[in-house]
Amino acid sequence: MIKGVSEVLGDIYSPLLLIVLALILIHFGFPLTYYYYLKSRWLNKPWGIKRDLSYKPKVSIIIPTYNEVNLIESKLNDLVRQDYPRDLVEVIVVDSASTDGTSEKVREWVRRNPELKLVLIEESVRRGKVYALNNALRYVSGDIVVITDADAIWSSSNTLSNAISWFNDPIVGAVTCLKVPANEGLMSVEEGYREFYNVVRLAESKKYSTPIFHGELAVFRRNLLESIGGFPTDIGADDSYTATKIALMGYRAIAVDNALCVERIPRREYHMWRIRRAQHLIQHFIKALRYVHKAPKEFRYILLIEAYLHLINPWLFPTSLATLLYGVMKGITLTVVLLVLGLLLLLYKPFRTWIATQLYLAIATVRNLWTKEIAWRKQEKGYGLSILISF
Ligand code: GDD
Ligand code: MN
């Protein structure tokens with residue numbers, strides 16, 4: 001039966017439709033408002049930080065490895081190419097009982113490159129990256145500690161110097177890179193996400209600090225790391241949580257635009273990879289919220305908003321979808337129109353990317369109920385270097 005126009009318009013007053021519209025409005029409106037606010041108000045503001053490229057403290061670079069035989073060599077070569085003075089750098093590779101010969105590969109590399117000071121720690125049992133990092137901390141002697149994943153590529157030879165230059169200002173406690181994806185297939189989805197994401201990271205950093213850090217390049221003042229007791233072992237997000245703790249102490253924890261990292265994306269198990277990382281971020285925000293009352297004012301809002309965006313906002317989307325489907329079943333014409341509009345929007349890449357991210361977060365929340373993924377399943381990353389561009 002075809003409904004008359006007035007009947008269809010009458011649907012507007014259906015409480016169900018109003019609920020769907022409200023949920024959709026909040027779900028999309030809140031993050032978009034935050035994004036545009038940050039972009040227009042903060043993105044182009046000066047940093048208010050006294051950066052100095054000639055500031056060269058002693059740096060300890062920690063690389064945690066678990067079955068990285070295919071990537072560790074190029075990672076170490078990448079480090080040697082950095083223009084930071086060699087005598088001010090020490091590298092600590094902490095391997096957790098890899099079964100693919102990673103530590104042999106490291107030893108072999110050291111024999112060929114004796115000029116770089118490198119310590120290899122071999123753990124006999126794998127407990128997870130966070131435990132390995134804490135283990136490595138006991139060996140560091142530098143004033144600044146750099147964490148970098150074996151599968152991370154720094155975009156240029158001055159990435160390290162650029163990242164360190166911010167520590168010239170005593171207010172800076174932690175620095176991370178902006179992430180640029182590399183790799184086949186899912187690249188376009190990742191790209192859309194990163195654009196939005198990097199604007200938010202950078203603008204939050206300019207305003208005060210960002211509560212999301214990247215293990216591809218996460219730099220900390222050693223004394224601050226020590227004062228917070230190292231990395232947390234009950235959650236997986238070592239990088240973000242540690243940076244947040246430092247921001248809570250009144251130091252700036254920033255993502256900077258003069259240090260870019262290229263992130264390799266797994267060739268298989270992409271969804272599992274995204275879900276696990278989402279799980280770790282959720283664990284981080286739940287734990288960090290306990291301290292929000294202690295946060296410096298500028299950071300309090302950033303932390304609350306990001307926690308909302310990761311913990312609550314994702315749920316509004318599946319809830320509105322379920323309500324919408326119920327409306328369709330009930331024969332409310334305008335819900336059908338909304339559903340069709342939503343499906344058409346899926347043709348628009350940024351929309352797809354957003355929806356995917358929300359679903360990963362929702363699934364991750366549920367998955368956190370039975371596993372924390374502290375020692376996670378390794379996903380194989382692409383090795384081809386030809387896709388890399390220099391920035
Ligand atoms: N020593 C040690 N022990 N290293 C480990 C272990 C472990 O049990 N598990 C993983 N690693 C190492 C990997 O070899 C790699 O160098 C680095 O930790 C990151 O692991 P990936 O498997 O590449 O993780 P990812 O890139 O997907 O994870 C991202 O999110 C994590 C939190 O979910 C990165 O940003 C990580 O830095 C972050 O911790
Ligand atoms: Mn990685």
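Tutor: β1 and β2 run parallel and are joined by seven bridges. Strands here are DSSP runs (E, at least two residues), helices are runs of H or I of at least four, and both are numbered from the N terminus; two strands pair if DSSP finds at least two bridges between them.

The model is predicted, so local features need pLDDT of at least 70 and side-chain atom pairs pLDDT 80 or more, while totals for chains, interfaces and linings use all residues. Residues are numbered from 1 along each chain as written, chains are lettered from A and ligands numbered from 1 in the order written, and side-chain values use heavy atoms, without hydrogens or water.

The open sheet has eight strands with mixed pairing, in the order β3-β2-β1-β4-β7-β6-β8-β5. β3 (117–123) and β5 are its edge strands, each pairing on one side only. From one strand to the next the twist averages 25°, an angle between N-to-C directions of axes fitted to C-alpha atoms, on a scale from 0 to 180 degrees.

Ligand 1 is surrounded by 23 residues, the closest being E68, S96, K129, W273 and H280; a residue counts if one of its heavy atoms lies within 4 Å. Elements giving two or more residues to the shell include β1 (59–65) and β2 (89–96), but the largest share, four residues, comes from α10.

The manganese ion, ligand 2, is coordinated by two OD entries of D151 at 2.2 to 2.7 Å; donors are N, O and S atoms within 2.8 Å of the metal (3.2 Å for Na, K and Ca), and sites may look incomplete because water is not among the atoms. D151 lies in the loop between β4 (144–147) and β5 (152–154).
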